[in-house]
Amino acid sequence: MKKSIELSPNIETLFGTRDENLHVLEDGLNINIDLRSNHIELEGAPRDVARAEQLFADYEHLRKSGYQFQNGDLNSMLRVVVGDPNVTLRGLAEAGRQRSFGRRTVQPKSPNQRRYLEAIEQYDMVFGVGPAGTGKTYLAVAMAISALLNKQVNRIILARPAVEAGERLGFLPGTLQEKIDPYLRPLYDALFDMLDAERVERYLEKNIIEIAPIAFMRGRTLNDSFVILDEAQNTTSEQMKMFVTRLGFNSKAVITGDITQIDLPNARRSGLLEAIDILQGVNGLAFVHFDESDVVRHHLVQRIIRAYDEYKVRLAEQQMSLIEARAGASETAQQTRPATNVNGNPEAVSPAARSEPQSIPMEEPHAHN
């Protein structure tokens with residue numbers, strides 16, 4: 001099927017640098033886009049061409065209504081739209097406009113990020129599990145700020161395990177706050193990226209925003225709060241159970257972690273892994289899993305994560321082959337073990353002698369004189 005769309009003024013901004021956005025549409029919708037002097041020709045399956053036509057119409061509507069696409073957001077939004085047939089560009093943009101993220105406009109950059117934001121809006125407890133760079137913490141902090149600015153909650157509480165990679169706080173110099181600040185720095189970075197420094201400092205002074213190690217959560221009931229537990233893969237089973245039972249009335253909790261970067265001692269199981277097993281079927285909470293396709297950092301990070309995953313698969317295959325080889329060698333050794341005599345010493349018996357029955361000589365009778 002072919003469809004012709006007339007070029008409207010400023011439509012070329014949809015194309016992107018070196019037509020990169022058109023390539024996203026061609027690859028994602030499996031269509032061909034041919035640019036002519038005064039129109040665009042779309043060719044492909046009727047359903048795919050209709051989706052592309054709707055996308056162009058949505059872009060034109062957003063542009064006329066004054067919507068501004070920021071810093072590559074359009075490319076990311078197009079990837080979300082082509083990845084999910086139920087999503088439209090207009091619906092995605094207007095949903096993002098309804099949220100207030102301070103001085104930032106936050107748009108999901110992958111289908112999983114969109115599901116993550118929708119899950120946080122819909123459920124009171126959400127687990128975001130996936131590799132580094134997928135936006136788990138950043139988006140959670142953005143949703144917390146949105147809830148605070150829209151007066152849906154009264155405060156934000158950001159928690160993180162303070163002991164990582166075998167280090168102990170007692171060996172670090174300085175006061176308790178100075179000891180824990182390096183561990184909580186990623187949370188501060190996200191806050192300062194979305195709110196001006198003066199407002200962040202004011203919120204911290206008034207405990208409207210509280211940042212603390214997870215150990216400080218014990219014994220508390222958190223009402224009217226948006227609570228985020230970051231780096232949850234480094235919590236113990238006891239810490240995770242303590243945290244998920246702190247949730248009070250009119251509160252939300254988001255737990256983020258990367259199960260491939262657990263720094264706990266081998267003897268202790270990650271609280272995040274255990275929570276995934278135990279809470280998977282509980283109503284009222286959601287799990288959103290990210291992969292390397294959701295990484296929004298440098299493209300090299302995606303390739304690095306993929307290389308580590310492939311290495312883990314190869315290592316598992318090598319270990320399985322080694323186990324099978326050892327099992328085969330053990331079985332062969334048992335089958336070829338030499339026979340032993342009554343003293344436990346091996347007897348020299350030829351294969352022919354083992355396979356052929358031995359004849360017992362009969363004693364000849366003696367003649368009597």
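Student: Is Phe290 buried or exposed?

Tutor: Buried means under 20% relative accessible area, exposed over 50%, and partly exposed in between, with a 1.4 Å probe and protein chains only. Phe290 is buried, with a relative accessible area of 7%. Please note that this is a predicted model, in which local features need pLDDT of at least 70 and side-chain atom pairs count only at pLDDT 80 or more, while totals for chains, interfaces and linings use all residues. Residues are numbered from 1 along each chain as its sequence is written, and side-chain values use heavy atoms, with hydrogens and water left out.

Student: How many helices and strands does the protein have?

Tutor: Helices (H or I, at least four residues) and strands (E, at least two) are DSSP runs, numbered from the N terminus. The protein has twelve helices and nine strands. Of its 369 residues, 40% count as buried. The accessible surface, from the Shrake-Rupley method with a 1.4 Å probe and, for residues, only the protein chains shown as cover, is about 21,900 Å², and 49% of this belongs to carbon and sulfur atoms.

Student: What share of the contacts joins residues 24 or more positions apart?

Tutor: Contact means heavy atoms within 4.5 Å. Among contacts with a separation of 6 or more, residues 24 or more positions apart account for 71%.

Student: How is an aromatic pair described?

Tutor: One gives the distance of the ring centres and the angle of the planes. Rings of Phe, Tyr and Trp (its six-membered ring) pair if their centres lie within 6.5 Å; planes under 30 degrees apart count as stacked, over 60 as edge-to-face and the rest as tilted. By this rule there are two aromatic pairs. The ring centres of Tyr116 and Phe290 are 5.2 Å apart and the planes stand at 80 degrees, so this pair is edge-to-face. Tyr116 belongs to helix H5 (residues 111-122) and Phe290 to the loop between strand E9 (285-289) and helix H11 (299-335), so the pair ties together parts that are 174 residues apart in sequence. Tyr116 is buried too, at a relative accessible area of 0%.

Student: Which residues form the stacked pair?

Tutor: They are Phe127 and Phe287, at 4.6 Å centre to centre and 15 degrees between the planes. Phe127 is in strand E4 (residues 125-129) and Phe287 in strand E9, 160 residues apart, and the pair thus links distant parts of the chain. Both Phe127 and Phe287 are buried.

Student: How should I read a helix such as H2?

Tutor: An α-helix has 3.6 residues a turn, so residues three or four places apart point the same way. The expected span of a helix is 1.5 Å times one less than its number of residues. Helix H2 (residues 46-64) has 19 residues and reaches 27 Å from its first C-alpha to its last, close to the 27 Å expected. Its buried residues include Ala52, Leu55, Phe56 and Tyr59.

Student: In what order do the strands of the open sheet stand?

Tutor: Strands of a sheet pair through backbone hydrogen bonds, either parallel or antiparallel. Two strands pair if DSSP finds at least two bridges between them. Here three strands form an open sheet in the order E1-E3-E2, with antiparallel pairing. Strand E1 (2-6) and strand E2 (32-35) are at the edges with a single partner strand each, so one side of each is left without a neighbour in the sheet. E2 and strand E3 (residues 39-43) are joined by four bridges, and Ile33 has Leu42 in E3 as its bridge partner. For angles, axes are lines fitted to C-alpha atoms, for helices over the stretch in contact, and angles run from 0 to 180 degrees between N-to-C directions. H2 lies across E1 and E3, at about 150 degrees to E3.
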